Amino acid sequence: MSDPNISPSSEFNSGLKQNGFQVYRIVTQRSVIKSYSRKGIYKICFTIGKSIIHYADKGIEVDGATLFFGNPHIPYSWKFLSEQQTGYACLFSEDFFKGHEHTKTLQESPLFKIGGTPVFALTKTQRDLFASLFEKMVSEQNSEYVFKHDLIRSYINLIIYEALKIEPSVNFFKTTNASSRITTLFFELLERQFPIESTDSPLQIRRAQDFAKTLSLHINHLNRAVKETTGKPISLHIAERIVTEAKALLQHKDWNIAEVAFSLGFEYPTHFNNYFKRVTGIVPSALRSQIT
């Protein structure tokens, strides 16, 4: 009997974290919205329905069978326009995808790279092809086949290569009132990098310029939009979030100060000390002493 205190969402995230992938059918709007950390997670979604996909300063309306590639480094939001949504979604980490043979394929792929073309309207033949590939992945995921991970990696590769044959959608529209949307996507990009769980996976995007580049915006445009919405510049939001994470690491991890600094993207501990003191008024070692 299942534990009533463990929600299906918790089971879903545990499976995603443990296996590095999850494939599932979409049978309602609710099944599209899986709650999971987007940190390091790529997504391929095949949906049938009407929706709008928003990026920082542009969006695209899709209707019918659509194939979508989501990159953890490019924030987006999805708004449903039709009651009925069906299809499949596949979530996977880069480590799972690399397996034992592939290196840097995802960053190099035009489907996942920044500035790429991740949305495809499908014909009936294409819809049937991708539906069959996703259904095979669902079947293998639930099997006891010893090489199922390799087989699912092969299906993901096949979906990618079949998609590369298709002309991507070009009907993007510019968002007219984008400040609040840009602010939302900035915070999503900021938050999806946390929590820091290992010194082997340090914070990647820390500078305001890097956030602007990832969102394909000019730094002045991004800063103006966030400040207009929140009253504070993006550099202050970034600093506050990094210091909040630093406090949590100092309190709950047994890492030394240099390891905490490196995990938060600082090359030298002295830079982290100065940064932390500038925001909090004390150095990290003093905070740790207060805690212990």
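Which residues make a nonpolar surface patch of about 350 Å²? The patch is made by Y145, V146 and F147. This is a predicted model. Y145 sits in the loop between α5 (124-141) and α6 (148-164). Its relative accessibility is 42%, so Y145 counts as partly exposed.

Two salt bridges are worth a stop. Side chains of opposite charge can pair when their charged atoms come close. D150 and R153 give one example, with their side chains meeting at 2.7 Å, N to O. Why are these two separated by about one helical turn? Because they are 3 residues apart in helix α6. Their surroundings can be read from their accessible areas. D150 has a relative accessible area of 37% and is partly exposed. R153 has 12% and is buried.

E162 is also in helix α6. Is E162 buried or exposed? Its relative accessibility is 18%, and the cut-off for buried is under 20%, so E162 counts as buried. E162 touches L129 and F130, leaving aside residues up to four places away in sequence. The side chain of E162 also meets that of K165 in a salt bridge, at 3.3 Å, N to O. K165 is exposed, with a relative accessible area of 65%.

How many salt bridges does the structure hold? There are 11. Another of them links the side chains of D210 and R207, at 3.1 Å, N to O. D210 is partly exposed, with a relative accessible area of 22%. R207 is partly exposed too, with 46%. Salt bridges that share partners also join K124, R127 and D128 into one network.

Now turn to helix packing. Two packed helices are described by the angle between their axes and the distance between the axes. Take helix α7 (residues 179-191) and helix α9 (residues 219-230): their axes come within 8 Å and cross at roughly 100°. That makes α7 roughly perpendicular to α9. Which residues meet across this pair? On the α7 side they are S179, S180, I182, T183, F186 and F187. On the α9 side they are H221, L222, A225, V226, E228, T229 and T230.

Helix α7 also holds L185. L185 is buried, with a relative accessible area of 1%. In sequence, L185 and Y55 are 130 residues apart. In space, their C-alpha atoms are 7.6 Å apart.

P195 is found in the loop between α7 and α8 (208-214). A cis peptide bond joins F194 and P195, with omega about 0°. S216 lies in the loop between α8 and α9. S216 is not a glycine, yet its phi is positive, at about 55°. With 46% relative accessibility, S216 counts as partly exposed.

One more loop remains. H73 is placed between β3 (58-70) and β4 (77-80). Its relative accessible area is 34%, which means H73 is partly exposed. What does H73 touch, not counting residues up to four places away in sequence? Its contacts are Y42, L189, R192 and T214. H73 and F112 are 39 residues apart in sequence, and their C-alpha atoms are 9.1 Å apart in space.

Conventions:
Residues numbered from 1 in each chain as written. Predicted model: local features only at pLDDT ≥ 70, side-chain atom pairs only at ≥ 80, totals over all residues. Heavy atoms only, no water. Patch = residues over 30% accessible without salt bridge, like charges linked within 9 Å, V, L, I, M, F, W, Y side chains within 5 Å. Areas by Shrake-Rupley, 256 points an atom, 1.4 Å probe, with all protein chains shown as cover. Salt bridge = Lys/Arg side-chain N within 4 Å of Asp/Glu carboxyl O. Helix = DSSP H or I, 4+ residues; strand = E, 2+ residues; numbered from the N terminus. Buried < 20%, exposed > 50% of the residue type's maximum accessible area, 1.4 Å probe, protein only. Contact = heavy atoms within 4.5 Å. Axes fitted to C-alpha atoms, helices over the stretch in contact; angles between N-to-C directions. Parallel < 35°, antiparallel > 145°, perpendicular 65-115°, else oblique.
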